[in-house]
Amino acid sequence: MSKLTEQMTNSANTGVEAIKGIANASFDGIGQLAVLNLQTARSAIESNAETIAALFAVRSIDDFKALQMPVANAALEQSLNYHRRAYEIYNESASAIVQIVEGQVNVAKGEIVSTVSQVWQKRPATFDSTAESVKSLVRSIFDKWQQMAVPAVKTVEKMIQPAV
């Protein structure tokens, strides 16, 4: 097998592994959110059952007023706990995906720089300016990629934030 074929095969395998890693991180986050939703639903049902039992025990307006504040506080606390945990799950999943993508970008950058360096070593003397232009182009592409990646991640976070 030629070196180029090996590199292409390795790149393809690395890409597949990265996609599997992203899928696993996504599914882990979805699974954690599903568990959180089930726990929250179970907790809400238990809390509602306790509230209904307390309402049946109410015999006066004063008892009803005294019951309102603890019930409202408990509901607010449950809501805050749910949203905190959902945000933690979102951050964990996003961080895992960002690490995988950054790793892939760094590997690709290293492979491109290596290939350009190899070509540079074997270049004919007449193509010096062309090779330098290619290196400059690659550097500018990666600079632009990094400039676009940060706002893109922030945009995705803003889009997902209301859902969390």
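**Working through the model**

Modeller: Let's start with tryptophan 145, which is partly exposed, at a relative accessible area of 41%. Keep in mind that this is a predicted model.

Colleague: Where does tryptophan 145 lie?

Modeller: Tryptophan 145 is in helix H3. That helix covers residues 128-160.

Colleague: Which residues make the nonpolar surface patch?

Modeller: Trp145 makes the patch together with Val101 and Met148. The patch covers about 300 Å².

Colleague: Step back a bit. How many helices and strands does the protein have?

Modeller: There are 3 helices and 0 strands. Along the sequence the pattern reads α-α-α. Helix H1 takes in residues 3-57, and helix H2 takes in 61-121.

Colleague: What percentage of the residues count as buried?

Modeller: The figure is 10%, out of 164 residues in the protein.

Colleague: On to pockets. How much space lies in the second largest pocket?

Modeller: The second largest pocket holds about 150 Å³.

Colleague: Which helices supply at least two residues each to its lining?

Modeller: Helix H2 and helix H3 both do. H3 gives the largest share of that lining, with 6 residues.

Colleague: And which residues line the second largest pocket?

Modeller: Here is the list: Lys109, Val113, Val116, Ser117, Lys135, Val138, Arg139, Phe142, Asp143 and Gln146.

Colleague: How do those lining residues divide into nonpolar, polar and charged?

Modeller: The lining of the second largest pocket has 4 nonpolar, 2 polar and 4 charged residues.

Colleague: Change of topic. How many salt bridges does the structure hold?

Modeller: It holds 3 salt bridges. As background, side chains with opposite charges can pair when their charged atoms come close.

Colleague: Take glutamate 17 and lysine 20. What is the N to O distance in their salt bridge?

Modeller: The distance is 3.5 Å, N to O, between the side chains of glutamate 17 and lysine 20. Both residues sit in helix H1, 3 residues apart. That spacing is about one turn of the helix.

Colleague: Is glutamate 17 buried, exposed or partly exposed?

Modeller: Glutamate 17 has a relative accessible area of 47%, so this residue counts as partly exposed. Lysine 20 is at 44%, so lysine 20 is partly exposed too. The partly exposed range runs between under 20% for buried and over 50% for exposed.

Colleague: Which residues are linked in a network of salt bridges?

Modeller: Arg85, Glu88 and Glu92 form that network. Arginine 85 bridges to glutamate 88, with the closest N and O atoms 3.2 Å apart. Arginine 85 also bridges to glutamate 92, where the closest N and O atoms are 3.7 Å apart.

Colleague: How many residues apart are glutamate 88 and arginine 85, and in which helix?

Modeller: They are 3 residues apart, about one turn, and both lie in helix H2.

Colleague: What are the relative accessible areas of arginine 85 and glutamate 88?

Modeller: Arginine 85 has 29%, so arginine 85 is partly exposed. Glutamate 88 has 40% and is also partly exposed.

Colleague: And glutamate 92, buried or partly exposed?

Modeller: Partly exposed, because glutamate 92 has 42% relative accessibility.

Methods: Residues are numbered from 1 along each chain as its sequence is written. This is a predicted model: local features need pLDDT of at least 70, side-chain atom pairs count only at pLDDT 80 or more; totals for chains, interfaces and linings use all residues. Side-chain values use heavy atoms; hydrogens and water are left out. On a 1 Å grid over the protein atoms alone, a cavity is a set of points where a 1.4 Å probe fits but cannot get out, and a pocket is an open set with protein on both sides within 12 Å along at least five of seven lines; lining residues have an atom within 4 Å of a point. Grid points are joined across faces, edges and corners, and a volume is the space filled by probe spheres set on the points. Helices (H or I, at least four residues) and strands (E, at least two) are DSSP runs, numbered from the N terminus. Ala, Val, Leu, Ile, Met, Phe, Trp, Tyr, Cys and Pro count as nonpolar, Asp, Glu, Lys and Arg as charged, and the others, Gly among them, as polar. Patches are made of residues with over 30% relative accessible area and no salt bridge: like charges are joined within 9 Å, nonpolar side chains (Val, Leu, Ile, Met, Phe, Trp, Tyr) within 5 Å. Accessible areas come from the Shrake-Rupley method with a 1.4 Å probe; for residues, only the protein chains shown count as cover. A salt bridge is a side-chain nitrogen of Lys or Arg within 4 Å of a carboxyl oxygen of Asp or Glu. Buried means under 20% relative accessible area, exposed over 50%, partly exposed in between (1.4 Å probe, protein chains only).
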